[in-house]
Amino acid sequence: MCSSDLLFGAPEAHAQSPESATGDWSSLWVGGSFSATRLQYGQHWVEGGGVFVDGNVNWRFGVEGEANWAVLHQMSNTHATTYLVGPRYQFNALHDYRLRPYVKFLAGDGEFNFPYNYAHGSYFVMAPGGGVDYWLNSRFRLRLGDVEYQYWPGFTYGSSTNLSVSVGVRYRIR
């Protein structure tokens, strides 16, 4: 270190990470998924697809919105669709920086089609859940698993609970 460094400030710090220097961890992700949902009404599994959007204010906190259509392998035309949104919190994995576990609490609308198209209902749904994403690169992540415990408190025949499991892929827009 020379005397001019002492008078006019320290030399450039090379140990600082570029991410903390820029300070902007906000991001926007879109994705698609394949899901399997265990309907309590009828006690059977239906499969389907979904789309989701994750908006993150920083690398830990964000908001997730999703739409799922559980319409494949129906019994007597019984199926469900959900449109949910809510907060999401992401953790650091213990030993592998590519694994990103998260928890979420979503709420919104659930559409249920009763057997043989006799009735169709719209219900409030709450869905706590969580999962793990695998970081492929700066633009793509695999959703290795996502689990939701859907609670339909005002369902026609009393409160109902469904279990939904999905896998998918995410793409970073921003």
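Mentor: Contact means heavy atoms within 4.5 Å. The model is predicted: local features need pLDDT of at least 70, side-chain atom pairs count only at pLDDT 80 or more, and totals for chains, interfaces and linings use all residues. Residues are numbered from 1 along each chain as its sequence is written, and side-chain values use heavy atoms, with hydrogens and water left out.

Trainee: In what order do the elements of the protein chain run from the N terminus on?
Mentor: Helices (H or I, at least four residues) and strands (E, at least two) are DSSP runs, numbered from the N terminus. The protein chain has 2 helices and 8 strands. Its elements run α-α-β-β-β-β-β-β-β-β.

Trainee: What share of the residues in the protein chain is buried?
Mentor: Buried means under 20% relative accessible area, exposed over 50% and partly exposed in between, with a 1.4 Å probe and protein chains only. The protein chain has 174 residues, and the buried share of them is 37%.

Trainee: What share of the contacts with a separation of 6 or more comes from residues 24 or more positions apart?
Mentor: The count takes in contacts of the protein chain with a separation of 6 or more. Among these, residues 24 or more positions apart account for 55%.

Trainee: Which residue of β6 is the bridge partner of F112?
Mentor: Leaving aside neighbours within four places in sequence, F112 is in contact with residues including L39, Y41, H79, Y123, W152 and F155. Two strands pair if DSSP finds at least two bridges between them; β5 and β6 pair in the antiparallel sense over 15 bridges. In β6, the bridge partner of F112 is G121.

Trainee: Which residue of β5 is the bridge partner of H79?
Mentor: β4 and β5 pair in the antiparallel sense over 10 bridges. H79 is also one of the residues in contact with F112. The bridge partner of H79 in β5 is N113.

Trainee: With which residues is Y116 in contact, leaving aside its neighbours within four places in sequence?
Mentor: Y116 takes a positive phi near 60° in the hairpin of β5 and β6, which has 6 residues between the strands. At 54% relative accessibility, Y116 counts as exposed. Beyond its sequence neighbours, Y116 is in contact with S76 and N77.

Trainee: Why does Q43 count as partly exposed?
Mentor: Q43 is in the loop between β1 and β2, and its phi is near 50°, a positive value in a residue other than glycine. Q43 counts as partly exposed because its relative accessible area is 45%.

Trainee: What distance separates the C-alpha atoms of N137 and R172?
Mentor: N137 lies in the loop between β6 and β7 and counts as partly exposed, at 37% relative accessibility. N137 and R172 are 35 residues apart along the chain, and their C-alpha atoms are separated by 9.9 Å.

Trainee: About how much space lies in the largest cavity?
Mentor: A cavity is a set of points, on a 1 Å grid over the protein atoms alone, where a 1.4 Å probe fits but cannot get out; lining residues have an atom within 4 Å of a point. Grid points are joined across faces, edges and corners, and a volume is the space filled by probe spheres set on the points. The whole structure has 2 cavities of 30 Å³ or more. The largest holds about 80 Å³.

Trainee: How many residues of the lining of the largest cavity are charged?
Mentor: Ala, Val, Leu, Ile, Met, Phe, Trp, Tyr, Cys and Pro count as nonpolar, Asp, Glu, Lys and Arg as charged, and the others, Gly among them, as polar. The lining has 13 residues, with S33, E66, N68, D146 and S166 nearest the centre of the cavity. Of the lining residues, 2 are nonpolar, 5 are polar, and the charged ones number 6.

Trainee: Which elements each supply at least two residues of the lining of the second largest cavity?
Mentor: The second largest cavity holds about 60 Å³. Its lining, with L39, N68, A80 and W152 among its residues, divides into 5 nonpolar, 6 polar and no charged. At least two residues each come from β1 (27-39), β3, β4 and β7.

Definitions and conventions: On a 1 Å grid over the protein atoms alone, a cavity is a set of points where a 1.4 Å probe fits but cannot get out, and a pocket is an open set with protein on both sides within 12 Å along at least five of seven lines; lining residues have an atom within 4 Å of a point.
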